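Have a look at it, and then read on.

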Amino acid sequence: MKKALIVWGGWDGHEPEQVATIFKNALLEHQFEVEVADTLDAYADAEKLLGLDLIVPVWTMGEISQELVNNVSAAVQAGTGLAGCHGGMCDSFRNNVDWQFMTGGQWVAHPGNDGVEYKVEIKSSSSPLVEGVSDFMVSTEQYYLHVDPAVEVLATTRFPVIDGPHRLNKAVDMPVVWTKRWGLGRVYYNSLGHHADIVDLPPVKELMTRGMLWAAEGKRLALNDGAALSGKAYTGMGDNQYNNA
């Protein structure tokens, strides 16, 4: 049975407890053993994190110690999956660039705030993770992110929709859903999810469920391949070097 840890908290406006419950129920339906925590101390046991198949952060605008980020990073590098949405993963810790490097992006704006109507366009040929999912409209925050160019983009949205200082730039297709690798681990992100009702929309919930399952499967594949990083893991701390872990 696969093991998942969901950690929720931070800004209450994103309804983290309700979103965590949606994710928990989705994973339980797929026979996961799920632990849900409402404290960042859940990241303190490095050995425990290494034994997980999946970590799901649901934490917005918080502060975190470098040690806890290093623990999560080391687990993901060893094969533990990381999957999350909206500000719960890519606006978690604005002051920690190592978290942002691992997750693949950081929120910077949502022109028009909540209630903007826009299309999510699926890159249907890019991955089985979006197979059978059609483009869909949503009315919610439209995330503008600074994005790692290494990610594989699975869905986008067109900017600008709302007037603002960004409008005179050329139109851009901003990633909405992406995947990336962090060491041996699989990382999945979906920018939708301002409130729990958005996460619970059928296409959003389907995409998130597929993403969590995909990320969790990375541990098994890493173990089956007998892959290793020669005992080294990236720990950040401003030096961008791989240090003994």
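Q: What makes Pro-111, Phe-159 and Pro-160 contacts of His-166?
A: Contact means heavy atoms within 4.5 Å. Leaving aside neighbours within four places in sequence, His-166 meets that condition with Pro-111, Phe-159 and Pro-160. Bear in mind that this is a predicted model, where local features need pLDDT of at least 70, side-chain atom pairs count only at pLDDT 80 or more, and totals for chains, interfaces and linings use all residues. Residues are numbered from 1 along each chain as its sequence is written, and side-chain values use heavy atoms, with hydrogens and water left out.

Q: Why is His-166 called buried?
A: Buried means under 20% relative accessible area, exposed means over 50%, and partly exposed is in between (1.4 Å probe, protein chains only). His-166 has 17%, so it counts as buried. You will find His-166 in the loop between β9 (152-159) and β10 (172-182); helices (H or I, at least four residues) and strands (E, at least two) are DSSP runs, numbered from the N terminus.

Q: What makes the peptide bond from Phe-159 to Pro-160 cis?
A: The omega of this bond is near 0°. Most peptide bonds are trans. Pro-160 lies in the loop between β9 and β10.

Q: Why is Ala-44 called partly exposed?
A: The relative accessible area of Ala-44 is 43%, so it is partly exposed. Ala-44 sits in the loop between β2 and α2 (46-50).

Q: Is Gln-31 buried or exposed?
A: With a relative accessible area of 54%, Gln-31 is exposed. Gln-31 is placed in the loop between α1 and β2. Its phi is also positive, near 65°, in a residue other than glycine.

Q: Why is strand β1 (residues 3-10) called largely enclosed?
A: Six of its eight residues are buried, so the rest of the structure largely encloses β1.

Q: How do you know that β1 and strand β2 (residues 33-37) pair?
A: Two strands pair if DSSP finds at least two bridges between them. Here β1 and β2 share five bridges in the parallel sense, so they pair. One of the residues involved is Ala-4, whose bridge partner in β2 is Val-34.

Q: What makes the protein chain as compact as a globular protein of its length?
A: The chain has seven helices and 13 strands. Its radius of gyration (taken over C-alpha atoms) is 17 Å, close to the 18 Å from the globule rule for 245 residues, so the chain is as compact as a globular protein of that length. That rule is 2.2 Å times the number of residues to the power 0.38. Buried residues make up 53% of the 245.
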